[in-house]
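Please keep the sequence and the 3D view side by side while reading.

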Amino acid sequence: MIQISPSMLSANFADLKTDIEMINNSEADLFHLDVMDGVFVPNISFGFPVISAINKYAKKPLDVHLMIVEPDKYIDNFKSAGAHYLTVHYEACRHLHRTVQTIKNQGMKAGVSLNPHTPVSLLENIIGDLDLVLLMSVNPGFGGQKFIPETVLKIYKLKEMILQNGSSALIEVDGGVDNTNALSLKQAGADILVAGSYIFKSDDPTKTIAGLKSI
Ligand code: DX5
Ligand code: ZN
């Protein structure tokens with residue numbers, strides 16, 4: 001069954017506890033937390049204190065998506081803040097193999113994210129070491145953007161690479177996910193769907209999560 005990771009970027013920041021409890025009591029599997037530094041992406045979101053605060057109440061693992069330069073500097077901090085999956089961007093890492101090993105040595109699951117323009121073939125020599133590959137289906141930086149349909153083909157290619165290499169990496173898709181594209185993402189091989197605005201801007205977020213889960 002597909003996993004659902006609601007993106008807290010679209011939650012009500014003035015009342016996070018209510019949204020955390022909604023997710024705890026829903027069929028969601030993870031909490032997706034987007035960290036943006038204003039350098040790698042043209043936006044700034046939140047950092048360690050907010051993640052630690054969410055971790056105090058969250059009853060599901062934290063899926064932390066770093067959209068920051070030099071992530072190596074902060075791997076310990078994200079571990080202490082409670083990250084379960086720690087995902088870095090391919091485009092932000094000069095020594096990706098080292099970064100991935102450091103994340104795993106710290107006891108976290110290691111993910112690598114690809115921007116829409118980055119081909120999945122670039123992961124060929126590291127796929128065996130990864131727990132997660134996050135395919136961006138919008139340009140990172142903001143919630144509420146339009147889904148880029150070419151992502152579906154990337155999922156097929158990535159799935160094939162994972163099977164060929166005997167990798168156990170999960171495929172996560174992030175950006176513009178809703179009920180119009182979720183089924184095609186699942187059929188292509190996605191294991192985890194991130195959704196922000198589709199969930200939090202709906203009238204009944206719990207029901208919207210259940211709908212995505214049951215596609
Ligand atoms: C975008 C973030 C996403 C974002 C998704 O840079 O990585 O996780 O919150 O939001 P929606 O689902 O609204 O596109
Ligand atoms: Zn994200």
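Leu-114 is buried, because its relative accessible area is 0%; buried means under 20% relative accessible area, exposed over 50%, and partly exposed in between, with a 1.4 Å probe and protein chains only. This is a predicted model, in which local features need pLDDT of at least 70, side-chain atom pairs count only at pLDDT 80 or more, and totals for chains, interfaces and linings use all residues. Residues are numbered from 1 along each chain as its sequence is written, chains are lettered from A and ligands numbered from 1 in the order in which they are written, and side-chain values use heavy atoms, with hydrogens and water left out.

**Around Leu-114**

- Leu-114 belongs to strand 5 (residues 109-114). Helices (H or I, at least four residues) and strands (E, at least two) are DSSP runs, numbered from the N terminus.
- Residues up to four places away in sequence aside, Leu-114 touches His-89, Tyr-90, Glu-91, Pro-119, Val-120, Leu-123, Leu-134, Leu-135, Met-136 and Lys-154. Contact means heavy atoms within 4.5 Å.
- Ser-137 is 23 residues from Leu-114 along the chain, and their C-alpha atoms are separated by 9.2 Å.

**The zinc site**

- Which residues coordinate the zinc ion (ligand 2)? They are His-32 (NE2), Asp-34 (OD), His-65 (ND1) and Asp-174 (OD), at 2.0 to 2.3 Å.
- Donors are N, O and S atoms within 2.8 Å of the metal (3.2 Å for Na, K and Ca); water is not among the atoms, so sites may look incomplete.
- Along the chain, the donors of the zinc ion (ligand 2) follow the spacing H-x1-D-x30-H-x108-D.
- The arrangement is octahedral because the 6 donor atoms around the zinc ion (ligand 2) subtend angles of 71 to 169°. Six donors count as octahedral if opposite donors are over 155 degrees apart and all others between 65 and 115.
- Ideal angles for six octahedral donors are 90 or 180 degrees.
- His-32 and Asp-34 are both buried.

- Ser-5 sits in strand 1 (residues 3-6). Ser-5 counts as buried because its relative accessibility is 0%.
- The side chains of Ser-5 and Asp-63 make a polar contact (2.7 Å). A polar contact is a pair of N or O atoms within 3.5 Å; within protein, one must be able to donate a hydrogen and the other to accept it, and residues adjacent in sequence count only if both atoms are side-chain atoms.
- The residues that Ser-5 touches, not counting those up to four places away in sequence, include His-32, Asp-63 and Glu-172.
- Val-35 is part of strand 2. Val-35 counts as buried because its relative accessibility is 6%.
- Beyond its neighbours within four places in sequence, Val-35 is in contact with residues including Val-64, His-65 and Leu-66.
- Val-35 and Ile-209 are 174 residues apart along the chain, with 22 Å between their C-alpha atoms.

**Salt bridges**

- How many salt bridges are there? The count comes to 2. A salt bridge is a side-chain nitrogen of Lys or Arg within 4 Å of a carboxyl oxygen of Asp or Glu.
- One joins Lys-213 to Asp-29, with the closest N and O atoms 2.9 Å apart. Lys-213 lies in helix 8 (residues 205-213) and Asp-29 in the loop between helix 1 (16-24) and strand 2 (31-36), so the pair ties together parts that are 184 residues apart in sequence.
- Lys-213 counts as buried because its relative accessibility is 9%. Asp-29 is partly exposed, at 22%.
- Another links the side chains of Glu-70 and Lys-73 (2.6 Å, N to O). Lys-73 is exposed, with a relative accessible area of 55%.
- Glu-70 is partly exposed, at 44%, and lies in the loop between strand 3 and helix 3 (75-81). Its phi is near 50°, a positive value in a residue other than glycine.

**Lys-60, a buried charge**

- Lys-60 is in the loop between helix 2 (48-57) and strand 3 (62-67).
- Lys-60 is buried yet has no salt bridge. The nearest side chain of opposite charge, Asp-29, is 6.8 Å away. Lys and Arg count as positive and Asp and Glu as negative; His and the chain ends are not counted.
- What does the side chain of Lys-60 reach? Another is the backbone oxygen of Ser-26, at 2.7 Å.

Terms used:
Tetrahedral: all angles 85-135°; square planar, octahedral: opposite > 155°, others 65-115°.
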